[in-house]
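Please keep the sequence and the 3D view open as you go.

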Amino acid sequence: MKKLVFIFLISCFASELNAHEFYFSFAEVEYNEVSGKLEVSLSATAHDFDLYLEKKGVDVNPLESCGTDSLSLKLLEQEINSHLIFESTRENTITEGTEMIWLKLEGMEVLLNGIVYFYMSASVSQMPEEMNIKFNLLMSVFNEQQNKMTFKYREQKYDLIFLKQEPSQTIKLYAKNEED
């Protein structure tokens, strides 16, 4: 009986070690005018991301071994793109309407400290004046998930916070006056 109580207490304590009060992911986004690309680095805790994928039923290898598996990389790209969404609205142009920007997963790495980094990019011929961003990655599994983003465009820097109750933000991108 003492063994059962001991095992029960140890299992309860062990589950508390894996639980967090808050969950975070961070994205750094910058428009590279030379290459005409939107460049994104996305970071999260690897074990949280693995658990998220498992609970969502996304059948990929563990993150540590995904880097060389093209099918896993494609599934990761699709999952990230369905929860990190950039929409631009173009008015009074030939391509009037809303345009979704698809990010290509260029690579990823899992560091020894347990953080996973995803490196992504998208060709964008011209940055819009306004961009709608939805960043609800991991929020369907972790209720306390908070996503933060730093978006850089020319001399402008936007610090954005995305919560489950507010997963979208709109930013206005104004070109800085060349004479300033």
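In the hairpin of β8 and β9, which residue takes a positive phi? The residue is R154, with a phi near 55°, and the hairpin has 2 residues between its strands.

Before going further, a word on the source: this is a predicted model, in which local features need pLDDT of at least 70 and side-chain atom pairs count only at pLDDT 80 or more, while totals for chains, interfaces and linings use all residues. Residues are numbered from 1 along each chain as its sequence is written, and side-chain values use heavy atoms, with hydrogens and water left out.

**The chain as a whole**

- The chain holds 3 helices and 10 strands; helices (H or I, at least four residues) and strands (E, at least two) are DSSP runs, numbered from the N terminus.
- Read from the N terminus, the order of elements is α-β-β-α-α-β-β-β-β-β-β-β-β.
- Of the 180 residues, 37% count as buried, where buried means under 20% relative accessible area, exposed means over 50%, and partly exposed lies in between (1.4 Å probe, protein chains only).
- Among contacts with a separation of 6 or more, 56% come from residues 24 or more positions apart; a contact means heavy atoms within 4.5 Å.

**Strand β1 and its neighbours**

- β1 pairs with β2 in the antiparallel sense over 8 bridges; two strands count as paired if DSSP finds at least two bridges between them.
- Along this pairing, E30 stands opposite E39, and S25 has A44 as its bridge partner in β2.
- The hairpin of β1 and β2 leaves 4 residues between the strands, and G36 in the turn has a positive phi of about 70°.
- β1 is also joined to β8 (residues 145-153) by 8 bridges, and these two strands run parallel.
- In β8, Q145 stands opposite Y23, and F151 is the bridge partner of V29.
- The covered face of β1 carries Y23, S25, A27, V29 and Y31, while F24, F26, E28, E30 and N32 sit on the uncovered one.

- β2 pairs with β6 in the antiparallel sense over 9 bridges, and V40 stands opposite M120 in β6.
- β8 and β9 (residues 156-163) run antiparallel and are joined by 8 bridges.
- Within that pair, L163 in β9 is the bridge partner of Q146.

**Helix α2**

- Which residues of α2 are buried? They are A46, D48, F49, Y52 and L53.
- Seen down the axis of α2, these buried residues fall within an arc of 160°, so they line one face of the helix; the arc is that of the directions from the helix axis to the C-beta atoms.
- E54 and K55 are exposed residues on the face of α2 turned away from its buried side.
- The cover over the buried residues of α2 includes β1 (23-32), β2 (37-45), α3, β5 (104-110) and β6 (115-123).
- G57 follows α2 and has a positive phi, near 80°.

**Where α2 meets α3**

- The axes of α2 (residues 46-56) and α3 (residues 70-81) come within 13 Å and cross at roughly 90°; axes are lines fitted to C-alpha atoms, for helices over the stretch in contact, and angles run from 0 to 180 degrees between N-to-C directions.
- α2 and α3 are therefore roughly perpendicular to each other, the term for angles of 65 to 115 degrees.
- From α2, F49, Y52, L53 and K56 meet L76, E79 and I80 of α3.
- By class, this contact has 5 nonpolar, no polar and 2 charged residues; Ala, Val, Leu, Ile, Met, Phe, Trp, Tyr, Cys and Pro count as nonpolar, Asp, Glu, Lys and Arg as charged, and the others, Gly among them, as polar.

**Two residues to look up**

- S72 is found in α3, and counts as buried because its relative accessibility is 2%.
- Leaving out residues up to four places away in sequence, S72 touches V60, N61 and C66.
- K104 lies in β5, and counts as partly exposed because its relative accessibility is 46%.
- Leaving out residues up to four places away in sequence, K104 touches E77, Y119, M120 and S121.
- K104 and I80 are 24 residues apart in sequence and 9.8 Å apart in space, C-alpha to C-alpha.

Notes:
Parallel < 35°, antiparallel > 145°, perpendicular 65-115°, else oblique.
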